[in-house]
Amino acid sequence: MVIEKVLMAVGAPLIAFAIGLSFIMLKRKVVPRIQRRYGPPVIQPIYDVLKLLLKEENISHGIIFSLGPIIAVAGSILAVFFIPMGGWNMLSGSADLIALLYIMAIGSLGMALGAGDSANPNASIGISRALTLMFGYDLPLVIIVISVALYYNTTSLPDIIAAQAHGNWTAWALPLAAIVGFIVVYGALGEHPFDIITAPHEVATGPMVEYGGKHLGLLMINHAFHIYLEIALFVDLFLGGGSNLLEFYVKMFVVFFIMIFFDSVFPRFRIDDAVRFYWKWPAIIALVNLVIVLVR
Amino acid sequence: MEKMTEEQVRTIANMLRKRSLWMIHYCTGCGAMELPPTMTSRYDMERFGMSPYVTPRQCDILLVTGYLNVKTLRRLITVYEQMLDPKYVIGFGSCTLNGGVYWDSYAVIKRLDRYIPVDVYIAGCMPRPEAVMSAFKHLMELIDSGKANGYKLYKKNLAYYKENQRKVLG
Amino acid sequence: MMDIVNQIKELDNVKVTVQRENRIFVDVDKDRVIGTLYSLKLMGFHQLSVQNAVDWIKEGEFEVFYVLYSHQYKVNVIVRTRVDRDNPIMETAEKIYPSAHTWEREITEMFGIKFKGNDESGKPFILENWKEIPPLRKDFDSVKYCNEHFVFRHSEEGNE
Amino acid sequence: MNNISVDTLIKVIVLTPFVGGLLAFIGGKIHRWIRFLIAIVFSFASVFETFMLYNVSIGNIHWGSLFGSELVFQTNPITWLFLFIVTGMSALIVLFSIGDMEEDKMKLDSYYMHLLFVEGAMAGIVLAGDLITFFIFWEIMSWTSYFLVIYGGKKSLDAGYKYIIMSVIGAYAMFIAMALLYGKAHSLVYADVANVLATSSPSFTIWVVVLLAIGLFVKAAVMPLHTWLPDAHSEAPSPVSPLLSGVLIKMGAYGLFIVLYAFLTVNLAGKIMPKVFSTPVLLYIIQWLAGLSIVLATFLAIMQEDAKRLLAYSSISQIGYVVLGIATATSLGVAGGLFHALNHAIFKGLLFLAVGSVIYRTGTRNLSELGGLVKKMPFTFVALLVGIIALAGVPPMSGFVSKWMIYEALLQKKEVFLLIMAFVGSTGAFLYVYRLVHSIFLGQLPQKYENVKDVPIIMQIPMWVLAILTMVFGVMPGIAMDVIVKGIEFFGFKPIAYTLYGFPAGTAMGSLKVINIVSVLMIAFIASWIFFLLFSKTRKVSQYDNYAAGQVVTPELKYNYSFGFYMSFGRVIKPIFKWSIERVYNYWVDACKIFGDYYMRRVYTGNLGTYNSYILIVVTIAAAAILLGGKLW
């Protein structure tokens, strides 16, 4: 039993990172195909991350600047343990859905502190946009989380997954919530209409302006974890979470595949239009869904 | 044993750096127009793992695309020094080689490599994308064979470069 | 088009030559330039397209010219004056055509012609810490400057 | 409690701060250090006495000495909790103000006297047994805190003026309620009040509770009556603001707790009162006021440019959580509200002390002028960081557990829209909290703060104590839960199951074990740090070697984005700022002034002749009334 626990403790973050990285590879291959060109070799993200980590010289603007990526990665690894992955629900017994929303905030707080310390106005503008966007998509996210919790009358993730066993997923029971969930997770990943945070043309890659070398490598690892976390949460809440790892991976693959098509088509929102968008349509749909759940 | 692993790490590192070159193109002159064709579907340099990035901290190659007058040289040196260590410079076109058509102009510098070390030059008064692609290929071979060490040159005889820069910038 | 030419001819001691269908040259001497510009503006030439100078080194003079254009008559008028080369000082046209302010700063830096009344005419404009004589003058030898300040690459010499 | 009996201990607790204040005043006249010594000794003495009073609950103790009328005291675990907040925070604030208040500029003797008087008054409120004692100490607290506020210089005079007027209006409302109750019950001890309200008609109870609530909500700065708080807290001197917003607001929350659960007792739902969604209409209104104040105060806090005003608005939104928790009337919700009151006192005090020490060193509290102080004031940065993590409710710190309890309680009662408002408030807290730490500590260090050093030790001790307390309550909420759960049992609530590290599956919809979160976070942090150190070393770089598209950044260039940090977000919520409650009050004030000028001038014309005629008329009417005696009516 102990070995299995140790294996899970070490294996879960690595698997999560592998899944997240595979999605980045998928994106780096599919988007060029949409633009009618071949695109980089499949394992290009691995080359990028390793090249960044093996840079000979690294700069840092201070302790907090270096601590930022470390806290971000630590926060993401922490969140991985609280989301049931396939058959394993590791620690998700000890923190329920509401606590999970706050645990996922540790990573963004770490990155925000690190980027703030880089003494560059582009980074500060990037962070203020990131936090405003987070404030934007948190409203519909909270409404659908409450509606799912009320629908199953529990907030612990393993019970929600158990309730969705053999086929009756939440997506069929609460279709509106699933739609809003998709939009929210899509925005949280910073895909195209919402990539205001790292808009290369306006704010020179936002918070990552002064990051280079192994700091940027850590941030890319954190981005891979972030993709895994958001989509795993969506799959666990709405698509039944998968009994074994393969089924879990297939569901996540399908969800991310759809997102890539949205990503390569849309122009970019202005930040306050993005917040207005989130507080108008997804919020209204989510409220309608909430009333349905309350009335039922 | 220690020496051998050091050697192995360097070869692996060179292999990785060859395959994922991030590029900042400092559009000083008319060469910047040659890069969009190399990036888009016709020539697609992303096949070699190269993609354009925005800030010097994140990038490996500095593309000097065209003539450099004295004012932009001052900015270019700041960008060059902000880049992190295994960095390479590619000089586009004859203006970086010997001043090109501006050979007698009082404002344009004549030889780029007196001010910052240049790894690869591309001849031609704005080389076509095929020439640019071959330059990238050549740079990759240099990196793989470990000969592309312009940045070490810059560190070694910094005084020489600084003196030249001061002579021009004043 | 002809009535415009006649109108311009009526201006006092002005030499008018019509070169092409819509291009009229007006030659005025230095101290009556501002008056001519002002009257031309009243006639309808509201736009100062270009103001620059030419260095006639053999005659020892600078020539400052103003290219005016009227959208109404679709005609270009080029007012030309001559300035002595040794101490070239002229009246500023800033009051009539505000855009002249920047043109005059550039002319001062490139030719060394001072413009009274334009407060920024002496300030450095494009060139950074430039020690030589204004570069666009004919007597400035650019090749000599390049040999002094820059090093050329001779074809057989390798990259040291 | 073997040696001295409990009632003498309670009297001693109430008296020590007052005696300490007087001695400090006299000592100050003799020499500076005597005053500091007395202030420290007496404030820490009251802390020690509080610990001697641990888990003692005793009925009414009568103390008849104060000019004829007798004061009634009582104590139970809830009062012990608030007493701990009061005495603990006051002791730390005395320490901080010794370091912070300059000697010559202000008359410090009366400052320390008022400081200790406020502490005594608050101890009196918390220990009060009947409404009269409660009201007496309430008034002492209002007036002494008014004198403390106006220490902040010229601008704090009108802030204090607005504060005292609103407090007095609140006190009048409470006084009328007490008169109504006295008319019916002839004794204002909590027990008698409870059974009077049990039998009286619903309209009477609603009237009494509404009037009491007005008095309490003025002090607790719930939304419609909050306008004094931002001015009073930001203009008050820097050691007074933590006292004001950390402790003084909690008295309003304590009063609400007493009104709801001592007077109306727990079977509130059973009361004969109109119901909305199965909760009494009174609680529903209070909850919606609290929810409103959470959301609107957060929006206002996000747009602030001044550090202390930002923290003042955030106090309004956090006290909204406490009131929301208390008004849920389920044991989990009330426990969450009280625990949040404790946490808020700690981390808000910590934040105000940190901002105070920044003001002490740099002299300005305008967020756009500061920046990059992390290099010069690392300890204050760590203290502020701990405070903001707690305020945002992020796991390792204490704010998370109490907010989690309030959310679970709301979820259980299916009050969904209030839960949404609470969540919006908490995410908004994340925004303005980051604004605070970014504008002060991160970014470019301006030239004029080059030689700023960290604050002296005596000002750092309080910050360290509060930071450690936040972490302790964050990781082991069980410690505080012992006191709170015993307290709600005393008032008749069902006890909730809790462990030292969280809540088992039974209590709420989901379970929580904070120790797992914290330990895994530490392990993950160490692992990623080692991974970080595996690779080549990093070179420290000055703040001017920065990406500016090639341009060289020079010191006199203000290369910092700190003014209007959330300007883009402001455009989204601009319509909300059109109407503000403050303009309504100002409108009324102007109306009264015009009325006063126009009509009163008619009556008091100012010349003696009219006044004599008034006297004559009054005398004749009186004489006629006496002569005709009872015949008329």
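A residue counts as buried if 20 or more other C-beta atoms lie within 10 Å of its own, as exposed if there are 12 or fewer, and as partly exposed in between. The model discussed here is a predicted one.

D:A329 belongs to the loop between helix 12 and helix 13 (331-362) of chain D, and, although it is not a glycine, its phi is positive, at about 65°. Most residues other than glycine have a negative phi. D:K414 likewise has a positive phi without being a glycine, here of about 60°, and it is found in the loop between helix 15 (398-412) and helix 16 (416-441) of chain D. D:S528, by contrast, is part of a helix, namely helix 19 (residues 514-533) of chain D, and, leaving aside residues up to four places away in sequence, it touches A:I70, A:V73 and A:A74.

| Residue | C-beta neighbours inside 10 Å | Class |
|---|---|---|
| D:K414 | 14 | partly exposed |
| D:S528 | 24 | buried |

**A pair of helices**

Two packed helices are described by the angle between their axes and the distance between the axes. Helix 11 (residues 281-302) and helix 12 (residues 307-326) of chain D have axes that come within 8 Å and cross at roughly 155°, and helix 11 of chain D and helix 12 of chain D are therefore roughly antiparallel to each other. Their contact comprises twelve nonpolar, seven polar and no charged residues. Among the residues that meet there are D:I286, D:A290 and D:I294 from helix 11 of chain D, and D:L310, D:Y313 and D:L324 from helix 12 of chain D. The crossing of helix 11 and helix 12 of chain D is left-handed.

**Chain D as a whole**

Chain D holds 22 helices and seven strands. Its radius of gyration is 27 Å, close to the 26 Å that the globule rule gives for 633 residues, so chain D is as compact as a globular protein of that length. Along the principal axes, the C-alpha atoms of chain D fill a box of roughly 105 × 65 × 55 Å, and 53% of its 633 residues count as buried.

**Chains A and B**

Between these chains, 18 residues of chain B are in contact with 28 residues of chain A. The side of chain B that touches chain A divides into five nonpolar, six polar and seven charged residues.

Definitions and conventions. Residues are numbered from 1 along each chain as its sequence is written. Chains are lettered from A and ligands numbered from 1 in the order in which they are written. This is a predicted model: local features need pLDDT of at least 70, side-chain atom pairs count only at pLDDT 80 or more; totals for chains, interfaces and linings use all residues. Helices (H or I, at least four residues) and strands (E, at least two) are DSSP runs, numbered from the N terminus. The radius of gyration is taken over C-alpha atoms; the globule rule is 2.2 Å times the number of residues to the power 0.38. Two residues are in contact if their C-beta atoms, placed from the backbone, lie within 7 Å. Axes are lines fitted to C-alpha atoms, for helices over the stretch in contact, and angles run from 0 to 180 degrees between N-to-C directions. Angles under 35 degrees count as roughly parallel, over 145 as roughly antiparallel, 65 to 115 as roughly perpendicular and the rest as oblique. A crossing is left-handed if the near helix is turned anticlockwise from the far one by less than a right angle, and right-handed if clockwise. Ala, Val, Leu, Ile, Met, Phe, Trp, Tyr, Cys and Pro count as nonpolar, Asp, Glu, Lys and Arg as charged, and the others, Gly among them, as polar.
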